[in-house]
Amino acid sequence: MRTAEGKGAETFQIPGLEEIPVRVVKKRQKNCYLRVRNGEILITAPLRASKEYLASFAAKHEKWIRKQLDAEEKNGRAFLPEAPGEREALRSILGEYIRIWEPVLMVRSMGFRIRNMKSRWGSCNVRTGVQTFNLQLIHYDKECIEYVVVHELAHLRARGHDPVFWGIVEKALPDYKERKKRLQ
Ligand SMILES: [Zn+2]
């Protein structure tokens with residue numbers, strides 16, 4: 001069995017899921033996000049969330065967590081069922097970041113779509129100027145979402161993943177590697 005570890009992480013047990021290691025990362029954010037990775041439950045939570053609150057939050061999703069653990073053993077990422085409002089929430093976050101980054105990167109987005117994708121966080125059709133973003137991004141913090149927006153918009157300047165491309169991304173977000181790692 002794996003043990004939860006990591007800088008700034010708290011560990012505790014979730015009723016009904018005592019055998020599964022839990023890792024909590026506190027951030028300046030409003031909502032709790034839950035995911036399962038490498039047999040661990042990962043919760044990103046607002047700074048003030050108590051252990052009791054987080055345990056009951058996770059316990060409510062016990063069925064989904066078990067399903068995800070099983071799926072992870074078989075293939076990889078499973079999708080959280082789409083909750084009401086998620087798509088709209090992601091749409092507004094993406095729209096906001098696109099407005100912020102278009103002038104900085106000197107590009108123009110011709111619109112974007114949101115859908116569930118198995119292996120990618122985003123893509124950019126450089127011919128049409130339209131970006132596609134993975135709905136699952138809503139379960140990650142805004143810094144990660146911002147990185148994906150910058151990444152896809154940067155493709156309007158450089159198509160491939162060559163040093164020129166990464167130079168554009170790094171200039172925009174000097175800590176992009178750390179954000180990218182959190183999405184893996
Ligand atoms: Zn790319």
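Two residues are in contact if their C-beta atoms, placed from the backbone, lie within 7 Å. Keep that in mind for the helix below. The model is predicted, so local features need pLDDT of at least 70 and side-chain atom pairs count only at pLDDT 80 or more, while totals for chains, interfaces and linings use all residues. Residues are numbered from 1 along each chain as its sequence is written.

Let's start with the sheet. Helices (H or I, at least four residues) and strands (E, at least two) are DSSP runs, numbered from the N terminus, and two strands pair if DSSP finds at least two bridges between them. Three strands make an open, mixed sheet in the order β1-β3-β2. Because β1 and β2 are at the edges with a single partner strand each, one side of each has no neighbour in the sheet. From one strand to the next, the twist averages 20°.

Now look at β3 (residues 40-46). Six bridges tie it in parallel to β1 (residues 22-27), where K27 has P46 as its bridge partner. On the β2 side (residues 33-37), five bridges form an antiparallel pairing; here V36 stands opposite I41 and R37 partners E40. Two residues separate the strands of this hairpin, and N38 takes a positive phi near 50°.

A residue is buried if 20 or more other C-beta atoms lie within 10 Å of its own, exposed if 12 or fewer, and partly exposed in between. Six of the seven residues of β3 are buried, so the strand is largely enclosed by the rest of the structure.

Helix α1 (residues 51-60) lies across β1, β2 and β3, running at about 130° to β3; axes are lines fitted to C-alpha atoms, for helices over the stretch in contact, and angles run from 0 to 180 degrees between N-to-C directions.
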